[in-house]
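Welcome to a short tour of a protein model. Take a moment to turn the structure around on your screen, and then we will look at a few places together.

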Amino acid sequence: MKRWLPFIDWLMPYDRSYLSGDLTAGLTVGVMLIPQGMAYAMLAGMPAIYGLYAATVPLITYAVLGTSRQLAVGPVAMVAILIASGVGQLATSGSELYISYAILLALMVGVIQLIMGIFRLGFLVNFLAYPVISGFISAAAIMIGISQMKNILGLSIPRSGTFETVVELAQGLGDTNGFTLLIGAVAIFILVMAKKFNKLIPGPLIVVLLGIVTVYAAGLHQQGVFILGDIPQGLPSFIIPPIHRTAILELLPVALAISFVGFIQSMAMAKAIHAKHKDYQLIPDQELRALGLANILGSFFQSFPVTGGFSRSAVNDQAGARSGLSSIISAALIIFTLLFLTPYVYYLPLAVLSAIILVAVFGLIDFKEAKHLWDTDKQDFMLFMATAIVTLIVGIEQGIFTGVALSIIALVYNSSMPHIAELGEIGQTGIYRNLSRFPSARVVPDTSIIRMDAQLFFANATYFKERLEALAKKSHFIVIHCGSIQRLDSTAVHTISDLVSDFRDRGITILFSDMIGPVRDTLKKNGMFETIGKENFFISVKDAVDHIENSQPHEEYGIRFQTNN
């Protein structure tokens, strides 16, 4: 039961010493979530009220079903920009059709994540290599920042591509509204200083309150400052998400992208926090199920897709959250706001919401990682840059799938040409190491000793064969150290059989050492002991070399090895 309902672990019995921390954290995160939710809804192309809807049912659902006790689920900037990118191709931002598609997207994301969790498919996210994730997030953060500059400058620019927006911003600089720019600049300054001084300071709430009071008192909405306007009051009503077959097919790529990226973001933050808390177990597949059900149930209450947020989760942890009760308290504060406080945000300037978004996403641009990859791994740097460039130029979904494709290509490329070291003996120790790292190691006369550091299978069998062919030109004995070969497939077995037979006809002997049990079992099942000859298998490289140098018979394979270990 606890496996499917993790809240039982912290609720029965609930440690009363946790209450003060959960209460403080829940209220603090709730206060952050009110302006952030509205800001991210606006970023997603939705009316601001939907950001608060997305912070009710999903939060409570995750608190009950999630295994992380500090992860704060709700609207996040990354998912918001994905929603805008995907749904924006099908409908006009803010329209009823757009809203219905965004809610349908939440249902789709939830179903995908739930299926992945049920069938333990969380490993699929491993196909998103870290450089790909970092490059994608950095590019998306830049796109988010550019998209919000119109509200900071007070310009009316329709939603369009990144470069088109940059051009229109440049052309409209002369029409910048000074009051709007001042409000945005001051809001950014306060948010940055609050985060720098103490992360528990509710910077977003402070700038929201100051923005409302300033606009109302000075009548700045009459001076061209864009404001939020009317916000519906009351709880989200129950609806059945509209199912459109055509829309489902068109939204599927972005739904997959949100499912993967959202889970990766949640798990990254959950793992970072869990490292400091050893009193519970973090279960990735249950996290998928919890996020999936949070999105599914949220879609029935007008929520767009949600996931775990970085900043709110960090604040939740620092404020003392010890259980899922903190998230339930945050959701309760949002519900209270929906019931009683929405009329008071009428004069909230949009520049303040954009400032909140800008400060939140700036830290996502990973300059340090790009420099680190350039210094240490050029291939990963190219993955980073290719993903970032495609994301910026072509689009969010294309950037993600390009990154995944490049990751797979890099994996296949690296697997097809694994590291193969030629070995020599260190002194008279019987220990054999890579000659390129130990150039003074002794080379056995007329013998080549190699170690392949990967499984031997169809992708690299040809490369393996080519390396042995090159060695056969200078040696009559080839010793293969098999300790790092953990698996053989049928292609590898055929390759070994062909090599042994061909080399034997040419007077060249192949010997095998340090072979692990599963690999020996594979050879035995394929009748390779007879093909290779039991006398050509050895416990260690030293035994094989001694045999070559002394030409002394050794015990047969069946005696020296056990095939079931």
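Does Asp 446 count as buried, partly exposed or exposed? With a relative accessibility of 36%, Asp 446 counts as partly exposed, because the partly exposed class lies between under 20% (buried) and over 50% (exposed). Keep in mind that this is a predicted model. You can find Asp 446 in the loop between β4 (432-434) and β5 (447-452).

Asp 446 has another feature to look at: its phi is near 55°, a positive value in a residue other than glycine. Most residues other than glycine have a negative phi. Gln 302 also has a positive phi, near 65°, and is likewise not a glycine. Its place is the loop between α12 (284-299) and β2 (307-308). Gln 302 counts as buried because its relative accessibility is 11%, and buried means under 20%.

**The whole chain**

Now let us step back. The chain contains 24 helices and 8 strands. Its C-alpha trace spans about 100 × 60 × 50 Å along the principal axes. Of the 565 residues, 53% count as buried. The chain exposes about 25300 Å², and carbon and sulfur atoms supply 63% of that area.

Ala 77 lies in helix α5, which covers residues 77-87. Ala 77 is buried because its relative accessible area is 7%, and the limit for buried is under 20%. Which residues does Ala 77 touch, not counting residues up to four places away in sequence? They are Tyr 40, Leu 43, Ile 144 and Val 361. Tyr 216 gives a sense of distance: Ala 77 and Tyr 216 are 139 residues apart in sequence, and their C-alpha atoms are 28 Å apart in space.

Ser 313 sits in helix α13 (residues 310-318). With 0% relative accessibility, Ser 313 counts as buried. Leaving aside neighbours within four places in sequence, Ser 313 is in contact with Gln 70, Leu 71, Ala 72, Met 269 and Ile 273.

Next, look for Leu 341 in the loop between α14 (325-340) and α15 (350-362). Leu 341 is partly exposed, with a relative accessible area of 35%. Together with Leu 235, Phe 336, Leu 339, Phe 340 and Tyr 344, Leu 341 makes a nonpolar surface patch of about 600 Å².

**Salt bridges**

Side chains of opposite charge can pair when their charged atoms come close. How many salt bridges are counted here? The count comes to 11.

| Lys 371 | Asp 375 | 3.1 Å |

Glu 422 is partly exposed, at a relative accessible area of 22%.

Lys 371 and Asp 375 are both in helix α16 (residues 367-376), 4 residues apart, which is about one turn of the helix. Lys 371 counts as exposed because its relative accessibility is 56%, and exposed means over 50%. Asp 375, at 48%, is partly exposed.

Lys 542 and Asp 546 share helix α23 (residues 541-550), where they are 4 residues apart, again about one turn of the helix. Lys 542 is partly exposed at 39% relative accessibility, and Asp 546 is partly exposed at 27%.

Finally, try to find Glu 425, Arg 442 and Glu 549 on your screen: a network of salt bridges links these residues.

Note on methods. Residues are numbered from 1 along each chain as its sequence is written. This is a predicted model: local features need pLDDT of at least 70, side-chain atom pairs count only at pLDDT 80 or more; totals for chains, interfaces and linings use all residues. Side-chain values use heavy atoms; hydrogens and water are left out. Helices (H or I, at least four residues) and strands (E, at least two) are DSSP runs, numbered from the N terminus. Buried means under 20% relative accessible area, exposed over 50%, partly exposed in between (1.4 Å probe, protein chains only). Accessible areas come from the Shrake-Rupley method with a 1.4 Å probe; for residues, only the protein chains shown count as cover. Contact means heavy atoms within 4.5 Å. Patches are made of residues with over 30% relative accessible area and no salt bridge: like charges are joined within 9 Å, nonpolar side chains (Val, Leu, Ile, Met, Phe, Trp, Tyr) within 5 Å. A salt bridge is a side-chain nitrogen of Lys or Arg within 4 Å of a carboxyl oxygen of Asp or Glu.
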